[in-house]
Structures are given as C-alpha cells and as structure tokens.
Amino acid sequence: MRMTVLKHLFLVFIFGISSSFSFPDPIPATFQDSIKNDCSIYNSTFKAGEELTYKLYYNWNFIWLSAGEVTFKVTDLGPTYHISAVGQTYSSYEWFFKVRDHYQVFLEKETLLPKESIRDVHEGDFQLFDHLSFDHANKQVTSRRGKTRKDTKTVVTKVDNCVHDVLSILYYMRNVNYNAMRVNETIPINIFIDNEIWPLGVKYKGKEKEKKIKGLGDFNVLKFSPEVIAGNVFEEGTEMTIYASDDFNRIPLLIESPVSVGSVKAVLKDYKGLKYSLASKTD
C-alpha cells in the first residue's frame, strides 16, 4: 500500500507543522522587519544543535496505536544548515507495516532557502529516492528521482519565487511574524514535492491558555488550521489543527488531523538544544 499510515503522519508534518509558527515581539517587531527580500528571511528562532522528537499515533476503530517517531535535527555546516528528519515505526508496530523514512535539506543561512534536499523512503515494499537541486536565480528545480539512488531519472521543473521543500518550509515559517494577523486570517505557502508546486495556506485561529500536551504538561499555545489537499490522504473538508508553543521558539507541540482512514496525531515527546527557554510551559 503506497499511502501508508506513517506517510499520512509525515504529510501531517509536511502540510501542517510547516505552517504552525509565529514570531513574538520584540524580534522582529513586524513581518516586514524579518523579510530581507521577496524570498529570504532572517533566522531568529532556531540554532544548530536543536533536536525535536515527536511520537506518532494512528487511530483505527476507536483504538489509538503508537505507530512510531520522527526526529528533526539541525547541524551547522558553515554557510548552510543541514536539517534532517528521520521517521520510523516502532518494532511493536512493524508486524503491520515497517517504515524507515529519511528526509534531508541544506539551507542557505542568509536566506533559509533550500539548496538541496533528499528524500529516501522505505515503506514496506515501496521505495523512493528523490534528490532536488534548487536554482533560485533561474527559477527551476532539478529532480533526480527513482526507486533507488542508482536508478533515477532527471526532471527539470520551472518554479515561481520562494518555493520550498517539505523541510525548509518548516524552519522558514518559524521566523514569520503572525502577531499582526487577525484571527481567521490566512497566509499562503508554496511547497515543491513530487515534481509539483503545492500552493497552500494556513489559517491563524488565535491563542489558547494552558493546553495540555501528553507527557509534557500545560502550555500557552497558538492555534492554527493549515489547508490540506483532498485525495488519498485527506478527504474534502478535512481540518487539521496545530498547537505551537507561544514563546520565542515557536515549536509545534501537538498536531491532530483526520485522514481518509481513521485519524492521526503527532505529540512532542522530547526536545533539546532550543535557542530560547520554553517559556510557554505553565506548570
């Protein structure tokens, strides 16, 4: 089955977590202060050494199953950041389906735009390798894509300004300021995946006090509802909900979403190397 449960969970991250962030005053004071030009942004929310681990759950017939984990890491490579996301099923779940997914992106520090990204997916019998090279000056992305890295075809796709991959958009959007946004206002995002551009949007739903996060305690949070794409994973009218920490880090704490079969959620399990203290925690 190509669209696996853990792929559902990854897509929750791709189309949800990537849009769940805002940036508090006073740095920067306005959205315009954080944008250097049409496609770059100043990084003030994360640093090298940050590591976030999420526990992934799948609900089927009213039973919540602990399916696996995803860990995001930031590494300093001089002029670039190396971001990795590794997702895998728990051994107790692998009687049903085994997943080993690796995502990587290399970000320009000055712009937070992607230079290269890699997806190496192993889900049951399904495999996918996709290496993207971003040429922002010429507005094109080159994909080397196939079942394995030794069996790929090259495709060049023309793109618009400000296109991101599924990981770079996460860290880019953490630096966007939502303070001036009204409740229910939407901001657009563009993600390049599977040789297509996906124009999506995220709706800001306001603040919530003392939201309980399983295993971590209570937090003051910002609430968001990202737009999703109807199809194999999400049904028409699906509403995903994101809860992000209301502090300078703006890390996602909880993601909840129905999918075409059942529902999924991702809960922050562990964190380290944050740039700031997790001041949103209230207990």
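# Reading a predicted chain: strands, burial and contacts

The chain's secondary structure consists of three helices and 14 strands; helices (H or I, at least four residues) and strands (E, at least two) are DSSP runs, numbered from the N terminus. This is a predicted model in which local features need pLDDT of at least 70 and side-chain atom pairs count only at pLDDT 80 or more, while totals for chains, interfaces and linings use all residues. Residues are numbered from 1 along each chain as its sequence is written, and side-chain values use heavy atoms, with hydrogens and water left out.

Q: What is the mean pLDDT of the chain?
A: pLDDT is the predictor's confidence in each residue, from 0 to 100. Here the chain has a mean of 79, and 78% of its residues reach 70 or more. Residues 1-37 have pLDDT below 50, although this stretch has 134 contacts in the model beyond near neighbours in sequence; contact means heavy atoms within 4.5 Å. Where pLDDT is low, the predicted coordinates should not be read in detail.

Q: How many of the residues, as a percentage, count as buried in the chain?
A: Buried means under 20% relative accessible area, exposed over 50%, and partly exposed in between (1.4 Å probe, protein chains only). Of 283 residues, 53% are buried. The chain exposes about 12,900 Å², with carbon and sulfur atoms supplying 50% of that area; the areas come from the Shrake-Rupley method with a 1.4 Å probe, and for residues only the protein chains shown count as cover.

Q: Which strands pair with S3?
A: Two strands pair if DSSP finds at least two bridges between them. Strand S2 (residues 63-77) runs antiparallel to S3 and is joined to S3 by 10 bridges. S3 also pairs with strand S4 (residues 99-108), again in the antiparallel sense, over nine bridges.

Q: Is strand S3 mostly covered or uncovered?
A: In a regular strand the side chains alternate between the two faces of the sheet. In strand S3 (residues 80-89), eight of the 10 residues are buried, so the strand is mostly covered. In S2, Ser 66 is partly exposed, at a relative accessible area of 30%.

Q: Where is Ser 143, and what does its side chain join?
A: A polar contact is a pair of N or O atoms within 3.5 Å; within protein, one must be able to donate a hydrogen and the other to accept it, and residues adjacent in sequence count only if both atoms are side-chain atoms. Ser 143 lies in strand S7 (residues 140-148) and counts as buried because its relative accessibility is 0%. Its side chain makes a polar contact of 2.7 Å with that of Asp 130. Leaving aside residues up to four places away in sequence, Ser 143 touches residues including His 131, Lys 153 and Asn 195.

Q: Is Glu 50 buried or exposed, given its place in a loop?
A: Glu 50 sits in the loop between helix H2 (31-34) and strand S1 (51-60). Glu 50 counts as buried because its relative accessible area is 1%. A polar contact of 2.7 Å joins the side chains of Glu 50 and Arg 174. Among the residues that Glu 50 touches, not counting those up to four places away in sequence, are Phe 72, Tyr 171 and Lys 272.
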